[in-house]
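Thanks, everyone. Please look at the model on the screen, and I'll talk through its spaces and its packing.

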Amino acid sequence: DGDGVGGKSKSKSKWKDRRHRRRCRQREAKAAAALSYTHGDGDGAPGSGSAVRHFRTSRRLLRNAVRNRIKQDMLTSSWGCDDCICVSGGNNSYVKQVGGRGGLRIMIECGFDHLMESEAEIKSLVTQLQVSYANCLGLVADAVLARWEEAKNQDTRTSNEENRSTSDSSVDEAGKGRPLAKDRHKAEAMKALAFAAMEGNCSNTNNEEEGIGDCNAVADEAVGLSRRSIKPARLMFTSLKGRVVEAMSRDVGSANWAVRTNELPFDQAAAGIANTHSKSLPVRIIVLSPDALKPLTGAPDRDVMYVVGGLCDYKRNMNATLNCAANANANASRSANNNVAVEARRLPIEETLGSVSVKILTVNQAVEALVRADINGGDWTEALKATLPSRKLR
């Protein structure tokens with residue numbers, strides 16, 4: 001017995017050592033990333049520990065401010081087509097958005113609780129719903145900040161070039177350089193506002209409220225800059241009732257999610273949205289199913305409602321989402337108010353990644369792949385590689 005205890009203790013000690021070394025590497029990598037940040041004028045990276053702490057704090061505050069703006073857009077953007085036209089294609093007419101702030105529309109159908117036998121599966125589904133919502137916020141926030149920093153650096157380089165080329169004309173006695181000097185001062189003011197978050201103003205230790213206010217101003221600028229191209233996805237949980245609702249109620253934070261909920265199935269919820277906002281014009285719905293024959297192609301269409309099956313089954317249920325799409329399409333065709341067209345598609349895993357070990361994604365992975373493909377303009381290879389774990393790409 002003594003040898004066994006000693007062996008377990010030695011094994012545990014080795015495991016702790018490996019964990020300690022891994023955490024040390026992670027801390028070193030974060031510190032190196034913070035120190036590698038350079039100012040827009042190219043003078044170099046902040047070398048002091050205080051500057052690094054200011055940088056990290058300001059980045060965190062700015063990202064939180066951007067996330068809050070995105071949450072507001074997710075809640076206030078209409079799920080219908082307030083600015084729509086009907087694209088006529090014979091029997092295949094459908095609604096197309098021509099305005100508004102709406103981004104991708106994703107429904108997570110939670111009406112598969114009868115296929116989930118254990119409470120562990122229900123709990124896992126709720127966790128995946130939480131991660132799906134977090135991904136929608138985080139991915140868009142990162143894209144907005146990346147776009148803003150790119151524009152900010154470009155403006156800074158342009159401003160520096162103008163300053164060097166017009167330094168003499170700005171002091172011209174005839175006053176010919178005044179407009180250029182005015183533009184230069186405006187550019188410098190914008191640069192100061194842009195770097196407010198990066199250089200510590202957002203993490204003002206003397207006045208926290210003032211620092212947060214600076215971050216809010218920069219967040220407004222960042223979101224406004226990318227509003228036309230980067231729009232947050234809108235989430236809706238359909239058939240949300242029974243055990244799934246009970247499990248979600250245990251998560252206090254779920255009440256604050258910027259997500260719409262509906263007790264009706266996805267096809268009935270979509271029909272209600274169409275009747276309310278689209279004047280009974282047809283609405284296209286694509287249900288993602290690993291058993292579908294046709295893959296998605298091109299960038300996700302913001303005029304389409306995408307449905308992800310909210311199913312966490314430890315035992316593989318074949319054709320569950322495919323049958324769900326077929327039943328919804330049959331119900332729509334029998335309905336007197338036929339304004340919903342449903343079809344099933346699968347993610348283009350085989351077409352983009354070739355032969356990989358994974359064919360079925362979790363709920364949050366499917367949502368993440370859709371959001372990534374929407375942000376990058378339809379590059380499914382990049383979206384799926386960034387979504388799937390590296391061990392599943394072998």
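The largest pocket holds about 650 Å³ of space. A pocket here is an open set of points on a 1 Å grid over the protein atoms alone, where a 1.4 Å probe fits, with protein on both sides within 12 Å along at least five of seven lines. The volume is the space filled by probe spheres set on the points, which are joined across faces, edges and corners.

This is a predicted model: local features need pLDDT of at least 70, side-chain atom pairs pLDDT 80 or more, while totals for chains, interfaces and linings use all residues. Residues are numbered from 1 along each chain, and side-chain values use heavy atoms, without hydrogens and water.

Now the lining. It has 28 residues, each with an atom within 4 Å of a point. Pro-290, Lys-359, Ile-360, Leu-361 and Thr-362 lie nearest the centre. Helices H3, H8, H9 and H10 and strand E7 each give two or more residues. Helices (H or I, at least four residues) and strands (E, at least two) are DSSP runs, numbered from the N terminus.

Next, helix H11, residues 380-387. Which of its residues are buried? Trp-380, Ala-383, Leu-384 and Thr-387; buried means under 20% relative accessible area, with a 1.4 Å probe and protein chains only. They sit on the same side of H11, because they cover an arc of only 90° around the axis, taken from the directions from the helix axis to the C-beta atoms. These buried residues pack against H9 and H10.

Conventions. Buried means under 20% relative accessible area, exposed over 50%, partly exposed in between (1.4 Å probe, protein chains only). Contact means heavy atoms within 4.5 Å.
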